[in-house]
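Q: I'd like to learn how to read a protein model, one feature at a time. Can we go through this one together?

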Amino acid sequence: MAAPFQPLVKRPRTKRTAWSALASHYKKVSKLHLRELFADDPKRGERMAIEAVGLYLDYSKNRVTDETLKLLFRLARESGLQARIDAMFHGEKINVTEKRAVLHVALRAPKEASILVDGRNVVPEVHSVLDKMADFSDRVRSGAWKGHTGKPIRNVVNIGIGGSDLGPVMAYEALKHYSQRAMTFRFVSNVDGTDFAESVRDLDPAETLFIVSSKTFTTLETMTNAHTARDWSLAGLGGDQSSVAKHFVAVSTNAAEVTKFGIDATNMFEFWDWVGGRYSMDSAIGLSTMVAIGPDNFHGMLDGFHQMDEHFRTTPFEANLPVLMGLLALWNNDFFGAQTVAVLPYEQYLKRFPAYLQQLTMESNGKHVTVDGQPVAHDTGPIYWGEPGTNGQHSFYQLIHQGTRLIPCDFIAFAKALNPLGQHHDMLLSNVFAQTEALAFGKTPEQVKAEGTPDWLVPHRVFEGNRPTNTILGDKLTPEILGKLVALYEHSVFTQGVLWNIDSFDQWGVELGKVLAQRIIPELENDPQPALNHDSSTNSLIRRYRRLKELQ
């Protein structure tokens, strides 16, 4: 049995030798411009790039020197990063506040692997669930699974929230090119009734299957939507309670509640408490993804995940994609004060990727204390956001180029289009390369004047440049590449968390609002209104809402 995990670094990160050296180094290099760095090193763009596991990362347009990188790698070693990586892969309970292992890497391990949790190899359990998912997916896709009236399933609605929704939505949109186009896939997460109503308004209950994803089968939003879906399905199928088992399956661990709902427990797909919600898209939470793209493509995605896992686990830091991205993110965040990161996929299928990363990054590293409960000394997780290119260029790029805030950007692009149309893809990629060049080098007053610009207009047309970017290039978007991309960011987030000495795997910040909402629900519904003991603002809002309800 693995020993209880102990935080490996007690010393505050600002007291580490490498951190102090980086602080001194920053004072020397903070005013350097990327124009100078490239002029002084004509080979910089070739040197500061890594190609591994089918992805090419150009990080040369970051405000770093060779000395910066040397110190960042030193910080990673002083922070015990390799030991923390090994602890995660060995099933140690590195989620210290919940005393749990963190083993999303086991979800994509090959059958012959052995990963232990409390002395038990969990890989056979993972593959047993994957096999069960594959059998189910094949039956639905082929039409062998019939609904209550004997019709095959044409519509699949995934009901979940957080990681049980964001992962499946992102993966479905990202891999739509590979999906079963004869079927319709919808995703319901918001407890706002509009989300459910709009998702089912054009669907036939006799041809609709609901996948309800909730580990405990008690999640407020998910189960509210699930019961609404149950009522909708029963109303369309003549009220026969036995129909529920033909039109609902569960991703859960609570067999009693699943059965009580009316779902056959044999159609419950399990996952484990060592899988965090935001790391679960490649578990049974991805059942809707497997139904959409088929088991072979799903396993291709898992293989991509695993390749990046092994790269992260075994590759020296200097050539390690997630480590390098994590270190650069920390450098921009803690030394240059960059409070946000823009993720800009130049691939329409990745339109939900930035939203997925918002949970992955901000729920993981939005922490204000270290693993041993001490206040952090500096900023931790930055805000992640973004939209696909080229749409964003006509929206928020103005602020990135000429605004007063420093916003590092990750550009993601592919050499080959999944839907080649004339010059479209060349135009798309030309924008990737042009934007990173413009952000790095800008346009000086002298260059603007040389174009004949009137003096009064010159300041408005100057671009300071010196905006850091990463460019990630792949061959084309495939299930395998998607797995690699997601794992790249997963491990980059982990790297940053280790350097900040925080627990990247708990999420206590989501609890308080949920607890208060449970208290407020009866105060909105009970008649007469119970005594209110909130602050004056909340009390007033509750009373006003009740009055407005009465006027309907």
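A: Strands (E, at least two residues) and helices (H or I, at least four) are DSSP runs, numbered from the N terminus. The model is predicted, so local features need pLDDT of at least 70 and side-chain atom pairs count only at pLDDT 80 or more, while totals for chains, interfaces and linings use all residues. Residues are numbered from 1 along each chain as its sequence is written, and side-chain values use heavy atoms, with hydrogens and water left out.

Q: Which residue stands opposite Ala250 in β8?
A: That's Val212. Strand β7 (residues 208–213) and β8 run parallel and are joined by four bridges. On to β9 (residues 268–269): two bridges link this strand to β8, again in parallel, with Val251 opposite Phe269.

Q: Where do the side chains of a strand point?
A: In a regular strand they alternate between the two faces of the sheet. In β8 (residues 248–251), Phe248 and Ala250 point one way, Val249 and Val251 the other, and all are buried. Buried means under 20% relative accessible area, exposed is over 50%, and partly exposed is in between, using a 1.4 Å probe and protein chains only.

Q: In what order do the five strands of the open sheet come?
A: The order is β6-β5-β7-β8-β9, with parallel pairing. β6 (184–188) and β9 stand at the edges with a single partner strand each, so one side of each has no neighbour in the sheet. Further in, β5 (residues 155–159) and β7 share five bridges, and Asn158 has Ile211 in β7 as its bridge partner.

Q: Which helix lies across β5, β6, β7 and β8?
A: Helix α9 (residues 220–236) does, running at about 160° to β7. For such angles, axes are lines fitted to C-alpha atoms, for helices over the stretch in contact, and angles run from 0 to 180 degrees between N-to-C directions. Contact means heavy atoms within 4.5 Å.

Q: What do β8, helix α11 and β9 make?
A: They make a right-handed β-α-β unit, with α11 at residues 255–261. To read the hand, point the strands away from you: a crossover is right-handed if the path from the first strand over the helix to the second runs clockwise.

Q: How many residues lie between the strands in the hairpin of β1 and β2?
A: Two, and Val53 takes a positive phi near 40° in this hairpin. β1 (residues 49–52) and β2 (residues 55–58) run antiparallel, joined by four bridges, and Ala52 stands opposite Leu55. β2 also pairs with β13 (residues 469–474), antiparallel over three bridges.

Q: How is empty space found?
A: Rolling a probe the size of a water molecule over the atoms shows where empty space is left. On a 1 Å grid over the protein atoms alone, a pocket is an open set of points with protein on both sides within 12 Å along at least five of seven lines, whereas in a cavity a 1.4 Å probe fits but cannot get out; lining residues have an atom within 4 Å of a point. Here, 41 residues line the largest pocket, and Thr219, Gln507, Val510, Glu511 and Lys514 lie nearest its centre. The largest share of the lining, five residues, comes from α21.

Q: Is His25 buried or exposed?
A: His25 counts as buried because its relative accessibility is 8%. His25 sits in helix α1 (residues 17–29).

Conventions: Two strands pair if DSSP finds at least two bridges between them.
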